[in-house]
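Here is a brief report on a metal site and a strand pair. Please read it alongside the sequence and the model.

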Amino acid sequence: MQRSIDFPEGTRDATPVDPRRRAFLIKAGGLAAAGAVMSSAPLPLGATRMTAAAAQVPGGGPAAPFRLGVASGDPLPDSVVIWTRLVADPLVPGGGMPDRPIAVDWEVAHDEAFRRPVRSGSLETDPRSAHAVHVEVVGLDPARVYWYRFRAGGEASPAGRTRTVPAPGARVDRLRFAFASCQKYEAGLYTAYEHMVEEDLDLVVFLGDYIYERAFKASSIRGLGLPAGRSDAMTLEDYRLRYALYKSDPLLQAAHAAFPWIVAFDDHEVENDWGADLPRSTLSREAFLARRVAAFQAYWEHMPLRRAARPQGSEMQLFRRLAFGDLATFHVLDTRQYRSPNRPCGDKEGPLCPAALDPTRTILGERQERWLMDGLERSQALCNVLAQQVQIARLDFGAEAPLFKMDKWDAYPSARARLLRFLAARRPANPVVITGDLHNNWAALLKADFDDPDSATLATEFIGTSITTGGDGSEVNQEGRNALAKNTHLLFHNDHRGYVRCEVSDKRWVTDFRTVPYVKQPGAPISTRARFLLEDGDPVAHAV
Ligand code: FE
Ligand code: CA
């Protein structure tokens, strides 16, 4: 086993601390924080939090080759994926790594000091997968916290904390999770994550737009020269650079290191508003599919996903089901890969045209739709979470004439009606939808007939705002005002950034919309902008 690596000149050492930064770190998190971001030694107790406090400092973060931090994901009762990618310099092609396999050791322990080891192993990275490391750790106990870390080139990674889920059928008192989406790097700071790591969560669900593929100029907010943003991401190397840039953010790293994540992509991981094998851009179908191959490969390389999700060319198995004991089942959907063409009524938002009403239109695809309904039918869970990308609830944004966004379920009314008819007929236990994409907070009732406010409510949909996309935001925006005035099934709208926290027990579900008042400056406080309660057996959420 190869134990030492020669990294390119100058990449072995951590960035020197400049005196201003040290002063900041001392102020923000105490001296230990400066040690935590500088040292290659295992992080001290509470390091996740302190790394977060230090995160406003450009260039802060773990030493090479662990500059992208660590992550874990897709927790099962006896297994979890642990992830890292060896990168010496996030801003250069190839991550500044040699073009050959590199030996990596991993270890999982009961404690943060790694004195009580549980599992360990070694592997060799593959430069063709950008030195990404995915380990499916098995043989773990259910509902238990574990710590993990990696070693390569004589360096240790930061320690990550993860947690398995309860055993199948186990009675579980409580599930706490957060969901988030849409973290455009140049739009703002990841302050929401600084607060998320302070929460007591079992897991995090990320609902897409982890990166944005478009070119951007040097970010006045981020204050860095950003070579990764000079042109639209098209090639595999472009996408890798984009992920490396995003994942070099210490607040994002801290959120990954604090909890296991269940991730799904939306459109911007490939390109804006894509659907099936069709781009929204002017690319040919062939050029788009080549782009999708590159985008999926880079997505896989940077996410804590299982081997089952590894892309085969332009295809990727993203939809999947994860249970949290008998309390909740997450049905993670893919509303991109299998949908009928977007924008059936042309490129503009507007009223629905006859083509949109075609009963054969699908947003999940036939196979996934059947898989979802079968899974809901068979589910023994007390609640069934549909974790998905684009809003299901009808949202008419028009000030007067109807105005629908043609990339959402609104452009697939027959597919939506099939799902709602299924919920009405088969009554799976406590269905709750969690959604990203819109960059605003919404709570919406899914009605049997959206034209009839008195028709049955079949589920509540919580739509979470963005982490950063859209910038600072405001209390209410014009689209929100219009939609609230026209759609009585909408309970709530807010246009600030943040994430959504959910606490689930066998009696009730509580959703807290957690918001920050700004993201263009560091240090925004967090608050609960609104709280909704669902009680067992009642699909109607109530503001409390
Ligand atoms: Fe987005
Ligand atoms: Ca989106």
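Aspartate 209 is buried, with a relative accessible area of 0%. Buried means under 20% relative accessible area, with a 1.4 Å probe and protein chains only. This is a predicted model, in which local features need pLDDT of at least 70 and side-chain atom pairs count only at pLDDT 80 or more. Residues are numbered from 1 along each chain as its sequence is written.

Aspartate 209 coordinates both the iron ion (ligand 1) and the calcium ion (ligand 2), which are 3.8 Å apart. Donors are N, O and S atoms within 2.8 Å of the metal (3.2 Å for Na, K and Ca); water is not among the atoms, so sites may look incomplete. Four protein donors lie 2.0 to 2.4 Å from the iron ion. Their spacing along the chain is C-x26-D-x2-Y-x226-H. Cysteine 182 is also buried, at 0% relative accessible area.

| Iron donor residue | Donor atom |
|---|---|
| Cys182 | SG |
| Asp209 | OD |
| Tyr212 | OH |
| His439 | NE2 |

The angles subtended by the four donor atoms run from 89 to 161 degrees, which makes the arrangement irregular.

Now the strands. These are DSSP runs of E, at least two residues, numbered from the N terminus. Strands β1 (residues 70–73) and β2 (residues 80–85) pair in the antiparallel sense over four bridges. Pairing requires at least two DSSP bridges. Serine 72 has isoleucine 82 of β2 as its bridge partner.

Notes: Chains lettered and ligands numbered in written order. Heavy atoms only, no water. Tetrahedral: all angles 85-135°; square planar, octahedral: opposite > 155°, others 65-115°. Buried < 20%, exposed > 50% of the residue type's maximum accessible area, 1.4 Å probe, protein only.
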